[in-house]
Amino acid sequence: MSQSHRSEEALANAPIGPLMVKLALPAVAAQLINMLYNIVDRIYIGHIPEVGRAALTGLGVTFPILMLISAFTAFAGMGGAPLASIRLGAGDREGAEKILGNSAALLLCLAAVLTAVFSIIKEPVLMTFGASEDTIGYALDYISIYLMGTVFVQLALGLNAYITAQGQALVAMASVLIGAVLNIILDPVFIFALGLGVKGAALATILSQGVSACWVVGFLCSRRSGLRIRPANLRLSGKVIAGIAALGIAPFIMQSTESLVTVVLNSGLQHYGGAQGDLYVGTVTVMQSVMQMVVMPVQGITQGVQPIMSYNFGAKNYTRVRQVFRLLLRTTLAVTVTAFLVVTAFPKPLALIFNDDRELVELVGRVMPIFFGGIWAFGAQMACQSAFMAMGQAKTSLFLALLRKVILLVPLAILLPMITQNVMGIYVAEPVADILASATTLTLFLRKRKTLLPENK
């Protein structure tokens with residue numbers, strides 16, 4: 001039996017606990033490694049002599065563009081991968097490969113459009129996103145080079161979801177590991193040794209993503225993969241793309257609205273922060289980096305477990321799906337509760353990872369416990385939303401994707417500082433949105449589970 005067939009057999013029959021560990025650990029490692037692309041850049045840039053704080057803030061205002069590019073990656077990759085897993089569970093390998101081929105073609109089209117559009121409008125967009133005269137130069141230096149590697153980002157991250165979808169989590173981890181290790185090596189060389197500064201960080205990132213993209217595409221074209229990219233499947237099919245889009249819109253909104261949130265936060269902090277506006281924007285750059293350190297492992301867990309739920313949902317083994325979900329919920333809540341305790345206890349040491357400016361570290365120390373006040377509940381939302389995605393519930397996933405950021409966080413981040421006339425209202429909006437969204441998501445899942453997952457006889 002081939003490795004790909006053994007992986008699919010494990011999805012159907014292996015003991016749930018060990019299987020979840022086997023799939024989730026490489027997926028968590030992949031997410032943590034992938035996080036290093038942005039985190040390592042910020043650490044090195046934040047410690048550039050004399051200009052570190054301004055350069056770090058400049059890099060922070062590029063974050064919405066990076067998240068938009070990543071959101072389109074999720075649209076095509078995460079929109080199609082659960083559907084491919086469901087097809088495999090139903091025994092339709094040809095249908096699963098057609099989804100993969102269409103997703104690959106869609107990613108290439110999206111890369112071309114995104115590169116062209118953002119290259120034209122980057123400067124006014126960055127100013128809208130919170131750049132100032134002091135930071136716009138650093139932001140432009142970074143994003144101008146990063147955009148040249150958009151196609152690598154799309155292929156490396158978007159298609160890697162299809163490796164995870166067939167249960168080959170170790171291979172998926174290796175594809176991310178290769179690029180991340182290369183990025184860590186190249187960053188100090190380009191930034192400091194060659195004196196390229198912010199431009200060097202961007203160049204290191206796109207070269208590393210290019211190597212990862214070659215690895216992923218090469219694997220999916222080889223016989224080692226249970227799902228293969230075939231030329232005949234690269235021709236776009238309206239029906240297949242519609243299915244990918246219906247499910248992909250939820251992860252797209254989850255990530256793209258991160259850009260909207262960043263714009264609202266940065267603009268509000270510039271306005272209510274007065275003369276210290278850049279300093280307040282710098283706190284968001286640091287805290288979003290720490291947030292990634294929390295959210296990425298949870299996403300790794302849910303992405304690693306998702307193929308088990310999708311495969312067995314397609315095979316109508318609903319009892320197994322229920323068992324997987326219960327263990328997933330306990331695991332994600334354990335991670336987010338632990339993160340809450342660590343972040344609220346050690347805000348200043350976490351800030352020092354990214355910058356040693358005394359004023360910035362002191363401010364982060366005051367606002368980080370507030371900003372992360374609701375992160376403990378976030379594990380419930382991630383587990384439930386992942387389950388809806390795994391079962392192909394496009395409409396529910398879309399609502400939940402909109403709920404936390406668009407329906408709750410953005411209005412709260414606008415209204416609370418307006419009502420209180422205090423910049424701290426912006427930081428308070430985050431925990432309020434987290435708690436309300438998590439409670440709503442868990443309630444919705446408990447109400448729908450009997451319909452979606454009837455008891456197996």
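Colleague: Hi! Which residue forms a salt bridge with Arg 404 at 2.7 Å?
Modeller: Hello! In this predicted model, Arg 404 pairs with Glu 430, and their closest N and O atoms are 2.7 Å apart.

Colleague: What does Asp 434 do with Arg 404?
Modeller: Their side chains meet in a salt bridge too, with 2.6 Å from N to O. Asp 434 lies in helix H17 and Arg 404 in helix H16, so here the parts tied together are 30 residues apart in sequence. Arg 404 and Asp 434 are both buried.

Colleague: And what links Arg 404, Glu 430 and Asp 434?
Modeller: A network of salt bridges joins these three residues.

Colleague: Why can side chains pair like that at all?
Modeller: Opposite charges can pair when the charged atoms of the side chains come close.

Colleague: Good to know. How many salt bridges does the count come to?
Modeller: The count comes to five. One of them is between Glu 97 and Arg 230, whose closest N and O atoms are 2.6 Å apart.

Colleague: Which parts of the chain does that one link?
Modeller: Distant ones: Glu 97 is in helix H5 (residues 93-128), and Arg 230 is in the loop between helix H9 (198-220) and helix H10 (238-272). The two residues are 133 residues apart.

Colleague: Is Glu 97 buried or exposed?
Modeller: Glu 97 counts as buried because its relative accessible area is 7%, and buried means under 20%.

Colleague: Changing topic, which residues gather in the patch of positive charge on the surface?
Modeller: That patch brings together Arg 326, Arg 330, Arg 449 and Lys 450.

Colleague: Which helices supply them?
Modeller: Helix H12 (318-345) and helix H17 (424-452) each supply at least two residues of the positive patch. Arg 330, for instance, is found in helix H12.

Colleague: What about Arg 330, buried or exposed?
Modeller: Arg 330 is exposed, because its relative accessible area is 54% and the cut-off for exposed is over 50%.

Technical notes:
Residues are numbered from 1 along each chain as its sequence is written. This is a predicted model: local features need pLDDT of at least 70, side-chain atom pairs count only at pLDDT 80 or more; totals for chains, interfaces and linings use all residues. Side-chain values use heavy atoms; hydrogens and water are left out. Patches are made of residues with over 30% relative accessible area and no salt bridge: like charges are joined within 9 Å, nonpolar side chains (Val, Leu, Ile, Met, Phe, Trp, Tyr) within 5 Å. Accessible areas come from the Shrake-Rupley method with a 1.4 Å probe; for residues, only the protein chains shown count as cover. A salt bridge is a side-chain nitrogen of Lys or Arg within 4 Å of a carboxyl oxygen of Asp or Glu. Lys and Arg count as positive and Asp and Glu as negative; His and the chain ends are not counted. The place of a charge is taken as NZ of Lys, CZ of Arg, CG of Asp or CD of Glu. Helices (H or I, at least four residues) and strands (E, at least two) are DSSP runs, numbered from the N terminus. Buried means under 20% relative accessible area, exposed over 50%, partly exposed in between (1.4 Å probe, protein chains only).
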